[in-house]
Structure formats: structure tokens, C-alpha cells
Amino acid sequence: SAQDMIFNGISRDNNVFMVGDVKQSIYRFRQSDPDIFKAKRNAYNLYDKKNFPAKIFFEENFRSREEITSFVNNIFENIMTEETCGSTYGDGERLVARGKFPQNSDAGVQMLFYDCPPGTLADEETETEAEIVANTIRKMVSQGYRVNDKNGLRPCRYGDFCIMLRADKGRFDVFSKALSDLEIESVRENKDGGFLDAREILMLRSVLKTINNPYDDVSL
């Protein structure tokens, strides 16, 4: 890319420090070309404190238990190949668990599958998914599923849970209602800059528009 050409033109082999993740560059954010990253990675030897340029793999994970990292590795080793995304999930890509956690028989990964009946509408699918998630959270809390914090193991609380959605597209309100129906409070953190589209902010905007123009029937 043009960016790579510029850096090559103004640099030497011994004064450039690069950090990248080919597993993210496969999505080609901002017109990224994963082939450039792979070529540099393949051309460099492992760091030995003597020979440069060199490469270092940041593969050690200190945040997650081995049950989590093993599950992630198993998934991506089977779906990330040169044929599917131009990158193989191999040495240097796998997560290596290094965190120290107390023994916990509750720890692990659980996958829930729901087969939608033929003819199910997308909104109905989301509602069912939200109900399954909400009921699972309530069950884990009521059964005292144990989690780890700085003081050791303790029963989980509602504040320990995070529901991650690839994209909102109105689904947050559905999940929020499913949680609310079970008397579980929820908070939304929108990374897409949707603050002005939040329900309470929309009301405030409408009030300000109405003050500015009392004849604005939509805002009123």
C-alpha cells in the first residue's frame, strides 16, 4: 500500500518498530493489506537480542483461563486457513494461557444453540435469543456460579455479565426488555458513537427542537 511505501522510503532496517495482528487485518479495515504484514513476518527471524530486523510473538494471554484460550484456539484453528481468509491460525497465533487463577470447577465454556422453526421472522429470532440469554444469566446467578476477583472466588452478580453484539441494529432494546422482564437491570455501552440516538437523548433533542420551533409537530 501507499503507507507501506512511504515508511520504506523514509526508514532504515534498524529504526522501525511495527505492531500488528494479521488476524484483524484480514477484515481489511481502512484498506489494510494482510499480505504486507505476512511478508514482513515471514522475512524476519525470531528475536535473539543480536540480529535485526527480528520478530516477537505476543502470544501469551494473562486475562483468560486456559479453558477459554483452548476453546478459542480450537475454533480458529479449524476455520482460519489460507483458503478461507488468507491466514493460517498456527504457531505464533495461538493463545498461550499464562494467567494465575484459583481452581474453579465451575469454569469452562458453554455453547447454547437454538434451532428456529421454519418461517420464523428475524425479530422473533432475536426475541427468543434474548430470552435464552436472560434466563441463562438469572440461572447462573441463582445457582451461585463462581467467578474470580481480586479476593478469590465468589458467587457471580448481575454486574459480572456482558452481552456482546456484533452490531446493534435495534437488538439492544430487545435484550434490555428480556432482562427487564426478569427484573435484571442493564446498561448499554455503545462503541459506535450512538449517544445522540439513545432514547433519553432523543427525547431531550425533541424538547430543544420544540422550544426552538413550537410548530415542529414531529419533535413535539
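Let's start with valine 19, which is exposed, with a relative accessible area of 65%. The cut-off for that word is a relative accessible area over 50%, so valine 19 qualifies at 65%. You'll find valine 19 in the loop between α1 (2–10) and α2 (22–25). Now look for glutamate 200: its C-alpha atom is separated from that of valine 19 by 40 Å. Along the chain, these two residues are 181 residues apart.

One thing to keep in mind while you look around: this is a predicted model.

## Where α6 and α7 cross

Next up, a pair of helices. Two packed helices are described by the angle between their axes and the distance between the axes. Here the helices are α6 (residues 122–142) and α7 (residues 171–181), and their axes come within 8 Å. The crossing angle is roughly 40°. What does that make α6 and α7 to each other: parallel, perpendicular or oblique? Angles under 35 degrees count as roughly parallel and 65 to 115 as roughly perpendicular, so the two helices are oblique to each other. As for handedness, the crossing of α6 and α7 is right-handed.

Which residues do the touching? From α6 come Thr126, Glu127, Glu129, Ala130, Glu131, Val133, Ala134 and Ile137. On the α7 side they meet Arg171, Val174, Phe175, Ala178 and Leu179.

Glutamate 129 is partly exposed, with a relative accessible area of 37%.

Over in helix α7 sits phenylalanine 172. Leaving out residues up to four places away in sequence, phenylalanine 172 touches Leu165, Val187 and Arg188. Valine 96 is another matter: the C-alpha atoms of phenylalanine 172 and valine 96 are separated by 33 Å, and along the chain the residues are 76 apart.

## The loop between β1 and β2

Proline 53 lies in the loop between β1 (45–46) and β2 (54–55). The peptide bond leading from phenylalanine 52 to proline 53 is cis, with omega near 0°. Lysine 49 has its place in the loop between β1 and β2 too. Is lysine 49 buried or exposed? At 66% relative accessibility, it counts as exposed. Lysine 49 also has a positive phi of about 70°, although it is not a glycine.

Phenylalanine 52 comes up again when you look at aromatic rings. A pair of aromatic rings is described by the distance of the centres and the angle of the planes. The structure holds two aromatic pairs. One of them brings together tyrosine 47 and phenylalanine 52, with ring centres 6.1 Å apart and planes at 55°. Why is this pair called tilted? Planes under 30 degrees apart count as stacked and over 60 as edge-to-face, so at 55° the pair is tilted. Phenylalanine 52 counts as exposed at 55% relative accessibility, while tyrosine 47 is partly exposed, with a relative accessible area of 41%.

## Another positive phi

Glutamate 183 is found in the loop between α7 and α8 (199–212). Its phi is positive, at about 60°, although glutamate 183 is not a glycine. With a relative accessible area of 72%, glutamate 183 is exposed.

## A buried glycine

Finish with glycine 92, whose place is in the loop between α5 (82–85) and β4 (96–97). Buried means under 20% relative accessible area, so glycine 92 is buried with its 17%. Who does glycine 92 touch, not counting residues up to four places away in sequence? The answer is Phe57 and Glu59. Threonine 69 is 23 residues from glycine 92 along the chain, and their C-alpha atoms are separated by 14 Å.

Terms used
Residues numbered from 1 in each chain as written. Predicted model: local features only at pLDDT ≥ 70, side-chain atom pairs only at ≥ 80, totals over all residues. Heavy atoms only, no water. Axes fitted to C-alpha atoms, helices over the stretch in contact; angles between N-to-C directions. Helix = DSSP H or I, 4+ residues; strand = E, 2+ residues; numbered from the N terminus. Parallel < 35°, antiparallel > 145°, perpendicular 65-115°, else oblique. Left-handed = near helix turned anticlockwise from the far one by under 90°. Contact = heavy atoms within 4.5 Å. Phe/Tyr/Trp six-rings, centres within 6.5 Å; stacked < 30°, edge-to-face > 60°. Buried < 20%, exposed > 50% of the residue type's maximum accessible area, 1.4 Å probe, protein only.
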